[in-house]
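Trainee: I have a new model open and want to learn how to read it. Where do we begin?

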Amino acid sequence: SLLSGCDSTVVFEKGGVYLHTSAKKHQDPDSLIAGVIRVVEKPLTLFLSFPKDVSGGDSCTSEDEPTFDPGYEPDWAVISTVRPQSSHSEPTRGVEPSSPRGSWAFSVSLGELKSIRRSKPGLSWAYLVLVTQAGGSLPALHFHRGGTRALLRVLSRYLLLASSPQDSRLYLVFPHDSSALSSSFHHLQLFDQDSSNVVSRFLQDPYSTTFSSFSRVTNFFRGALQPHPEGASPDLPPPPDDEPEPGFEVISCVELGPRPAVERAPPVTEEEWTHHVGPEGRLQEVPVLKARIFSGGLSPGLRRDAWKFLLGYLSWEGSAEEHKAHVRKKTDEYFRMKLQWKSVSPEQERRNSLLHGYRSLIERDVSRTDRTNKFYEGPENPGLGLLNDILLTYCMYHFDLGYVQGMSDLLSPILYVIQNEVDAFWCFCGFMELVHGNFEESQETMKRQLGQLLLLLRVLDPPLCDFLDSQDSGSLCFCFRWLLIWFKREFPFPDVLRLWEVLWTGLPGPNLHLLVACAILDMERDTLMLSGFGSNEILKHINELTMKLSVEDVLTRAEALYRQLTTCPELPHNVQEVLGLVPPTEPRSPSPPASPLPLSPTRAPPAPPPPEDTAPQPDSSLEILPEEEEESAES
């Protein structure tokens, strides 16, 4: 509750919490320090505090609240416990408190917590021991009238609590920020040390590609959002206030409301689009138009123009004349970059292993991309030449990233719709701005997305997560290809066009593609859980969903999942970040973002960078992609 006159909020408070100051098994009354445990939210930070429970008052205290006076003004200034000093006086440290028991009071920022240790089963009451990043332990908090359940429920809104693999009673504390999670992944070794062929293997055959190291991350998230099997304390007597003390299962106690019904709208028609075109060719009511595209997609005849806006090639606010000038400028820029590689002679290219490698890899990939589509079929199809030229020019546009296997999958639908080399190139660049991290050698973006998908699924469907964990599939490694190329090979070609234009709206949040993955798993949960599948069968079943999914059904379910999550009043903070409901937490130790590393052109997936004085060499023995049998099956 917010106390008037104080720039702080008490988000949790529980009495009946004691410190045992004697080492004796049976505590005498004089050795018990009664107090109230509070979680206090102040601007830019949160604090966990234990003030001693004595009477007193100050200007920020309600009449019936117990207070204490430690005799000095600590900088955490716990609400309704510390009498404020005059504004001009400096806080005095090291002064003896007016009451001997006041010295037991403490306060700690949640960001300073390193771990939480729980009590052994069978004790008269449960206790918690908080360990700080500095390595010191705070006094054990004994909950004589219960309260650990409620306290952990509140802490789980702001922290991730993960079971220590070495000690079942120890829970490691992680903040809800991407930098901490990324660091945790490094410790867990989510990917193999030799990750040079990760992307290629998943693109080729997700069924046969299995990673034993993927399972390591499962335990981390299971510990963060699920109770440890030994977390319950069945031998503990129920507390006097009848509040159960089941241990740490509250970490995953996110009770979602009913899933709302969602109906998709019809596609935006050319007539409807025209209604949004105002004077000078400027689009009007753009948010309304984007919402319509999100809810219904676009009619095929509109895509050639609308995709240029969705992918950032044309400005939503620009006039028709401004767009023409922009296209002229971008056309000149494109052909200047294209000339850079077109003017390289065969003799020069023999001395440029990087360009030669890119050209070889692109030629191989293009020859296998969407060949069952009439736009690309046939041995001398001009569409294949355009794919090749655009991808080689992109290597000139983005020297650091170059070409990585899978990019041809992303370009193909764009060129099919736009049917213009220059416009398709710049639309492709806009798409790559969204997903270029998927192809970077560090794989940090893919790690982060898989972690976010695990978090969402754990909140949405804990039983499904438990089942996948039990079958060594809880890492969701079979979703790697989904996220890498945005479901390009999972849906029929026309459905991919609809899916992408919906995702490009950025509505209702920044990570709808993760909810699309959740929706597919939600649709298949009964088949997976009731079939008795093992890990191999799960991978095989997911892979066999290719070309059998309905994009409208998946989008409907994904939107319903989003609405169900966003109506939950106790949604964990990190899940809110994934959904875009709150801004991302700033890292505590910010560092400049890493730029993409140069890639060896014939090693499609990320690989360790070569030594600075050694140019990357082609590896002609690496077979990158199989023939696209799934698309042949569609035809």
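Mentor: Begin with a term. Contact means heavy atoms within 4.5 Å. Keep in mind that this is a predicted model.

Trainee: Among contacts between residues at least 6 apart in sequence, what share joins residues at least 24 apart?

Mentor: In this protein, 69% of those contacts do.

Trainee: What is the overall inventory, and how much is buried?

Mentor: The protein has 22 helices and nine strands. Of its 635 residues, 53% count as buried.

Trainee: How do I read a pair of packed helices?

Mentor: Two packed helices are described by the angle between their axes and the distance between the axes. Take helix H7 (residues 300–310) and helix H17 (residues 493–503). Their angle is about 35 degrees, and the axes lie 10 Å apart. The crossing of H7 past H17 is left-handed.

Trainee: Which residues make the contact between H7 and H17?

Mentor: H7 brings Arg303, Trp307 and Leu310. H17 brings Leu497, Arg498 and Glu501. By class, that contact has three nonpolar residues, three charged ones and no polar ones.

Trainee: Now strands. What should I know about their side chains?

Mentor: In a regular strand the side chains alternate between the two faces of the sheet. Then look at the pairing here. Strand S1 (residues 9–20) runs antiparallel to S2, joined by nine bridges. Tyr18 stands opposite Ala34 in S2.

Trainee: Is strand S2 mostly covered or mostly open?

Mentor: Mostly covered. Eight of the 11 residues in S2 (residues 32–42) are buried.

Trainee: Let's finish with a single residue. Why does Phe425 count as buried?

Mentor: Buried means under 20% relative accessible area. Phe425 counts as buried because its relative accessibility is 0%. Phe425 is found in helix H13 (residues 421–435).

Trainee: What does Phe425 touch, leaving out residues up to four places away in sequence?

Mentor: Phe425 touches Tyr334, Met337, Ile390, Thr393, Tyr394 and Tyr397. For a spacing to check on screen, take Ile414, 11 residues from Phe425 along the chain. The C-alpha atoms of the two are separated by 8.6 Å.

Notes
Residues numbered from 1 in each chain as written. Predicted model: local features only at pLDDT ≥ 70, side-chain atom pairs only at ≥ 80, totals over all residues. Heavy atoms only, no water. Axes fitted to C-alpha atoms, helices over the stretch in contact; angles between N-to-C directions. Helix = DSSP H or I, 4+ residues; strand = E, 2+ residues; numbered from the N terminus. Left-handed = near helix turned anticlockwise from the far one by under 90°. Nonpolar A, V, L, I, M, F, W, Y, C, P; charged D, E, K, R; others polar. Buried < 20%, exposed > 50% of the residue type's maximum accessible area, 1.4 Å probe, protein only. Pairing = 2+ DSSP bridges.
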